[in-house]
Amino acid sequence: MIRRQRLAAGVCALLAALTAGLAFPTAAAADETEQSAPKVELVLDVSGSMRTRDIDGGTRMAAAKQAFDDVLDATPQDVDLGIRTLGANYRGNDRQEGCKDTAQLYPVGPLDRTDAKTAVATLQPTGWTPIGPALLKAAGDLDGGSGTRRIVLISDGEDTCQPLDPCEVAREIAAKGIGLTIDTLGLVPDAKTRDQLSCIADATGGTYTSVQHKEQLTDRVGQLVHRAADPVVTPVAVSGAAQCEKAPTLKSGLYTDRAEFGQQRWYKVDVDPGQELRASVSVADDRAVNPSYGLLLRAVTFKGREIVRGEAAGTGRTDVISTGLRYPKPPSDDDNAPGETVCLEVAHSFSAPAGVKSTPGLPLELTVDVVKGPDQAHDVAAFGLGRGWWLLGTLVLVGFVAGVLWGWLSRWRIAVWRTN
């Protein structure tokens, strides 16, 4: 009787557990934070100057349409994409009206490639260049959600709607802290257009690209759209010091700063015994620079002794230069052994040609990673040779065997000679 009661109680408990599991799956799922789809809005300049024929024998507008068709075909399924125009509708000479001329050609959302291509095909170069108002509207189009948000602005000229400065608009967008990045592309740009588009991109941590050919435009827009689908780590802004003693102390992470021409930037990292410091730095030339350049990343003790360095150099045109270093700190038998403060120095030898502004400094991106040190028996280089000991041992053995054989052969030849 007691056994039957226990069995019945167990069956009831099991049914109750199954019922509870079926009754509350939605509540459990609701607790999980769902990441929104990445959002991208392509903002296209459709002003009158886009009729100019200077891109591979065709108009700038034709190059932009071809690029959009190719990019729409290759857009990842998980990216919500939209298209906004500026200067596409108003044909008159009223500046006030012309500066309101921005419209969403295709709403941000799951992509219907046929509808988007049809909308782009109808565009004709028309009016003004209200870049500032278009950026404000585009930021609103991408509002909401927790996924990546990116604006890709394609223009062939300066904003014609001052005093609403598009650089200030970009800075306002960045100041909101919503994680929205603006990348800019200049179609056959002059110096003023390049400066303005670079300023817009810099304000939000984006990139600027000068475009001269159709394939270049297609490739770059495609890269930026695909980049939105990649996992994003937001870099932390930091200001390096002129000397190690006053430098900020960094933890593992991604950091951004600016380095003036001919300026050294210092940062500090604490490394405990048994840990390894891994650091890398990239410096981008966001303006015209002289063709000879170099980059230095040094790890130095707090007393000024160099530990290890990474260097890179080149000549010619480049968009970015990078280098890195590794420093394993040996473990200690003393559990209370103090850590070490390592000073990281970043210096570059980019120089600005005549007429190019030297301020602000060039943007740099610094990655710091402090991890558990490598296993002594396998990963740490022994006397600088590491696994080279295997090769050294093999060479010694081969040399010994070859020496014995050569000695035996020599003695045999001498014996034969004497006999004859």
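## Helix packing, cores and sheets

In this predicted model, helix α3 contributes Ala 63, Ala 64, Ala 67, Asp 70, Val 71 and Ala 74 to a contact with helix α9, where the residues they meet are Lys 214, Leu 217, Thr 218, Val 221, Gly 222, Val 225 and His 226. Sorted by class, this contact of α3 with α9 comprises eight nonpolar, three polar and two charged residues. The two helices, α3 spanning residues 60-74 and α9 spanning residues 214-229, pack at an angle of about 40 degrees with their axes 9 Å apart, and their crossing is right-handed.

The largest nonpolar core has 32 residues, and those touching the most other members are Leu 42, Leu 44, Ile 154, Leu 185, Leu 217 and Val 221. Two or more residues of this core come from each of β1 (39-45), α3, β4 (80-86), α5 (113-121), β6 (149-155), β7 (180-187) and α9, with α3 giving the most, namely seven residues. Leu 185, when its neighbours within four places in sequence are left aside, is in contact with residues including Val 152, Leu 153, Ile 154, Leu 197, Val 211, Leu 217, Arg 220, Val 221 and Leu 224. Another core, lying apart from that one, has 28 residues, among them Leu 277, Val 283, Ile 321 and Val 368.

Strand β13 (residues 292-301) is mostly covered, as nine of its 10 residues are buried.

| Strands | Sense | Bridges | Facing residues |
|---|---|---|---|
| β13 and β14 (306-315) | antiparallel | nine | Val 300 and Glu 306 |
| β13 and β16 (340-348) | antiparallel | seven | Leu 295 and His 348 |
| β9 and β10 (253-259) | parallel | two | Ala 237 and Thr 256 |

Between the strands of the hairpin formed by β13 and β14 there are four residues, and Gly 304 in this hairpin takes a positive phi near 100 degrees.

The pairing of β9 with β10 belongs to an open sheet of five strands, whose order is β9-β10-β17-β12-β15 and whose pairing is mixed. Which strands stand at the edges of this sheet? They are β9 (236-237) and β15 (320-328), each of which has a single partner strand, so that one side of each is left without a neighbour in the sheet.

Technical notes
Residues are numbered from 1 along each chain as its sequence is written. This is a predicted model: local features need pLDDT of at least 70, side-chain atom pairs count only at pLDDT 80 or more; totals for chains, interfaces and linings use all residues. Side-chain values use heavy atoms; hydrogens and water are left out. Axes are lines fitted to C-alpha atoms, for helices over the stretch in contact, and angles run from 0 to 180 degrees between N-to-C directions. A crossing is left-handed if the near helix is turned anticlockwise from the far one by less than a right angle, and right-handed if clockwise. Contact means heavy atoms within 4.5 Å. Ala, Val, Leu, Ile, Met, Phe, Trp, Tyr, Cys and Pro count as nonpolar, Asp, Glu, Lys and Arg as charged, and the others, Gly among them, as polar. Buried means under 20% relative accessible area, exposed over 50%, partly exposed in between (1.4 Å probe, protein chains only). Two strands pair if DSSP finds at least two bridges between them. A nonpolar core is a set of buried Ala, Val, Leu, Ile, Met, Phe, Trp, Tyr and Cys residues joined through side-chain atoms within 4.5 Å.
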